Amino acid sequence: MFDTALTTSDLMFLAKGAGMTLAITGVSVAVGTLLGIIFGVIRVQIGPIWSAPLTFILDIFRSVPLLIQLVLGNAFQAIVQFGWEPFTTSCVILSLYTAAYCTEIVRGAIDAVPPTTRRAARSLGLNWTQDMGYIVAPLAARIALPSWIGLTLGVLKDSSLVLWLGMIELLRASQILITRLQEPLFILMICGLIYFVLSFPIARLGGYLEKRWSPND
Amino acid sequence: MIEIENVRKSFGPLEVLKGIDLTVEKGEVLTVIGGSGSGKSTLLTCINGLEPIDTGRILVDGTHVHAKSTDINKLRCKIGIVFQQFNAFPHLTVLENVTLAPRKVKKMGRAEAEEIAIKQLNHVGLGEKRDVYPSRLSGGQQQRMAIARALAMSPDYMLFDEVTSALDPQLVGEVLDTLKMLADDGMTMILVTHEMSFARDVSDRVAFFHKGVMAEIGPPEQIFGDPQNEETRQFLSNVR
């Protein structure tokens, strides 16, 4: 019969790790999305030439492996004596990483709203803010949704890299248990299952929203 | 009254309007005809300030359209424009399409805006369709919705930019009927169109544009019956 040394308190330990994964992902996706929207709108508004410095910085966050960003970011905050907790450092780096990708998603989505539709809105007397709020935002959100869901799922899994800053999130918790119990396959299966349980609702939410919005288009 | 004084406009090296002078009186229906690239559509988008102009000026009821001090969004409430593409807002129902601007720009209450919208939708024959999304409408219906949407702002002037060009031939009639009805109601209109028999029928005056210049203007009988300008003659013989 199947036999394991895994106890309920070990499972609780994993659940705590999953909670940490969720917390870091939640903060990073929220802050990163907000920044991504702001940067994306700025990029569209001021054009490619004026936004070149911003684009360059965001390109760095998109090009350098996240692990290197985390390690360098952590060293940097220590050197300049920010005195950040690993949780804060993790969230800051992951937020910027998310923002870098989200900016491109937002920019692409805004560009995909037909200029003639926006022109019609402006011709009715709507000002820029109203055009953005009532026409561009809802249409761009529909276009951006699948990519944004993909980004969120990616960040959820990439957040495991913060274990290098000493954070005990889901993957690190699993590693600790593996070292102690020497049951790698079983524990990794449970760990993978938890990642799936965390991801599945997000993926479904995306599918649900797409379906809800699609008959209108 | 719309006064256009020596308006010039270029897109890069291409000068599309080469000094246009034109006055449209209240209640007048002016049709603008001409080949593609003659500058007629550009003129319409300049009148409501969607395009800047290089020199000259455009006055609508004495207000300088392109002056920095002009509240262009307020001025646009007076000047409705309908484009060749229907430009429906796809995420809003027909009723919401029509009520959006009255509610957000004119700050009307929902009930008041809907009352006006329903009246305008009935006017263009779309009263039944108020709760559907634009994707469920035919091209002609979408274009009539766009007309109702512009009319809901109670504009003093209506500009129509080739509003039947993107329609299947069998749908052109319903939109032209709507325009005819507006003309009969006494709306001041500038229409850019390729529908010559319609232009002859509804216009008070017809202007012929050729290569950025207004080559000829006059009553429809003159333009279609006895054109004075060689280019006008040639254009009309080609489209007939």
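Helices here are DSSP runs of H or I with at least four residues, strands are runs of E with at least two, and both are numbered from the N terminus. Please also keep in mind throughout that this is a predicted model.

Begin by selecting α5 of chain A, residues 115–123, and colour its buried positions, which are A:T117, A:A120, A:A121, A:R122 and A:S123. What do the buried residues of α5(A) pack against? Within chain A their partner is α6, and from chain B they meet α2 (72–76) and β6 (79–82). If you then step just past the end of α5(A), you come to A:G125, whose phi is positive, at about 105°.

Now widen the selection to the whole boundary between the chains, where 17 residues of chain A are in contact with 20 residues of chain B. On the side of chain A that touches chain B, α5 (115–123) and α6 (128–158) each supply at least two residues, and the largest share, six residues, comes from α5(A). Coloured by class, that side of chain A shows seven nonpolar, seven polar and three charged residues.

Along the principal axes, the C-alpha trace of chain B spans about 55 × 45 × 30 Å, and buried residues make up 47% of the 240 residues in the chain. Of the contacts in chain B between residues at least 6 apart in sequence, 62% join residues at least 24 apart.

For the last stop, stay in chain B and select helix α3 (residues 94–104) together with helix α5 (residues 139–151), which pack with their axes 8 Å apart and at an angle of about 30°. Angles under 35 degrees count as roughly parallel, and α3(B) and α5(B) are therefore roughly parallel to each other. Which handedness does the crossing of α3(B) and α5(B) have, left or right? The crossing is right-handed. To see the contact itself, show the side chains of B:V94, B:N97 and B:V98 on α3(B), and those of B:M145, B:A148 and B:R149 on α5(B); by class, this contact has four nonpolar residues, one polar and one charged.

Conventions. Residues numbered from 1 in each chain as written. Chains lettered and ligands numbered in written order. Predicted model: local features only at pLDDT ≥ 70, side-chain atom pairs only at ≥ 80, totals over all residues. Contact = placed C-beta atoms within 7 Å. Nonpolar A, V, L, I, M, F, W, Y, C, P; charged D, E, K, R; others polar. Axes fitted to C-alpha atoms, helices over the stretch in contact; angles between N-to-C directions. Parallel < 35°, antiparallel > 145°, perpendicular 65-115°, else oblique. Left-handed = near helix turned anticlockwise from the far one by under 90°. Buried ≥ 20, exposed ≤ 12 C-beta atoms within 10 Å, placed from the backbone.
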